[in-house]
Amino acid sequence: MSFETTGTIASFGGKLLKLAHQSRATACQMKLNLYLPPGASSSKPAPVLFYLAGLTCTGDNGAEKGFFQHMASKKGIAIVYPDTSPRGLGLAGEDDAYDFGSGAGFYVDATKEPYKHGYRMYTYITEELPHALFGEFKELDGKRMSITGHSMGGHGALTLFLKNPGKYKSVSAFAPITNPTKCPWGEKAFKGYFGEEDKKRWSDHDATELLSHFKGDTDILIDVGTGDNFYKQGQLLPENFEKVAKEKGKKVNVRYQEDYDHSYFFISTFADDHVEHAAKYLGV
């Protein structure tokens, strides 16, 4: 599977590639951004940090406003910024709301009609995309991957880490939806992608539920802004995740950042910390 490079942008001494490729998992063309840090080469491949964006976002938001490249360039880490859903499948209702369908794939493989045809972001992120990237870009070290994300993407980062022990060296999240089976965003998405009756599958994509029976060690960094309206509205529920972590003896560091909101002003302020968190486990 080959990528089309539609743009190359100098960034913090490295280069940001704007890429497009055809995906079997999502049945459409997918666009993404790939940051290659200075010095990355086939003889010295860079470890990789995946950044999963939130509702309404594309692969451009984190690349252009997150400032992850700043610390990634210093640490020699490549960053992958995927899209958040398939685009233009023409499914009934996929463009009707900001929190379901286009821009809101929730990093799951849908099982309900019609969304099971293309809305397979779990397979795309965990299997198809990394396989394609590591096959084509020899500057990337496919044996060293970490993952982070924001909001819906924070949910994605946490669940992908917890569902795939050993695949990712570390995980962190910004304002993640940590308990989607208990919040309006998650309930709407899971009902639409899985159906109301399949509650087992709901739990299989809920970070709080997954943490309760996760067997491995954890060192999870989470930042949440106290001025975040979605936090105040009960969409994120980090306190539920913290409670399970304490009960199960898991290392989870939730930092409540005074007055910060849900925006990229918040993300960019603490991006360096999350790249450094990944760097500890990526060996750089």
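**View 1. Ala 27 and the loop it sits in.** At a relative accessibility of 54%, Ala 27 is exposed (exposed is over 50% relative accessible area, buried under 20% and partly exposed in between, using a 1.4 Å probe and protein chains only). Its place is the loop between strand S2 (14-23) and strand S3 (28-36); strands (E, at least two residues) and helices (H or I, at least four) are DSSP runs numbered from the N terminus. Although Ala 27 is not glycine, its phi is positive, near 60°.

A note for reading all the views: this is a predicted model, in which local features need pLDDT of at least 70 and side-chain atom pairs count only at pLDDT 80 or more, while totals for chains, interfaces and linings use all residues. Residues are numbered from 1 along each chain as its sequence is written, and side-chain values use heavy atoms, with hydrogens and water left out.

View 2. Leu 89 belongs to the loop between strand S5 (78-81) and helix H3 (121-136). Its relative accessible area of 23% makes Leu 89 partly exposed. Beyond neighbours within four places in sequence, Leu 89 is in contact (heavy atoms within 4.5 Å) with residues including Thr 26, Ala 27, Cys 28 and Tyr 119. The loop between S5 and H3 also holds Pro 114, and the peptide bond from Glu 113 to Pro 114 is cis, with omega near -10°.

**View 3. The annotated active site.** The UniProt annotation "active site", from an unreviewed entry, covers Ser 151, Asp 228 and His 262. These residues are spread over 112 residues of sequence, yet they cluster in space, with a largest C-alpha distance of 11.0 Å. Positions from UniProt are in the numbering used here, feature names are shortened, and annotations may be inferred rather than shown by experiment.

View 4. Ser 151 lies in the loop between strand S6 (140-149) and H4, is buried at 2% relative accessibility, and has a positive phi of about 60° although it is not a glycine. Asp 228, in the loop between strand S8 (219-225) and helix H8 (229-232), is buried with a relative accessible area of 0%. His 262 is in the loop between strand S9 (251-257) and helix H10 (264-282) and counts as buried at 14%. Residues up to four places away in sequence aside, His 262 touches both Ser 151 and Asp 228, among others.

**View 5. His 155 in helix H4.** Helix H4 (residues 152-163) contains His 155. Setting aside neighbours within four places in sequence, its contacts are Phe 106, Pro 176, Ile 177, Pro 180, Phe 190 and His 205.

**View 6. Helix H2 packed on helix H10.** H2 (residues 68-75) and H10 pack at about 30° with their axes 7 Å apart, so H2 is roughly parallel to H10. Axes are lines fitted to C-alpha atoms, for helices over the stretch in contact, with angles from 0 to 180 degrees between N-to-C directions; under 35 degrees counts as roughly parallel, over 145 as roughly antiparallel, 65 to 115 as roughly perpendicular and the rest as oblique. Residues of H2 including Phe 68, Met 71 and Ala 72 meet residues of H10 including Ile 267, Ala 271 and Val 275. Gly 76 follows H2 and has a positive phi, near 75°.
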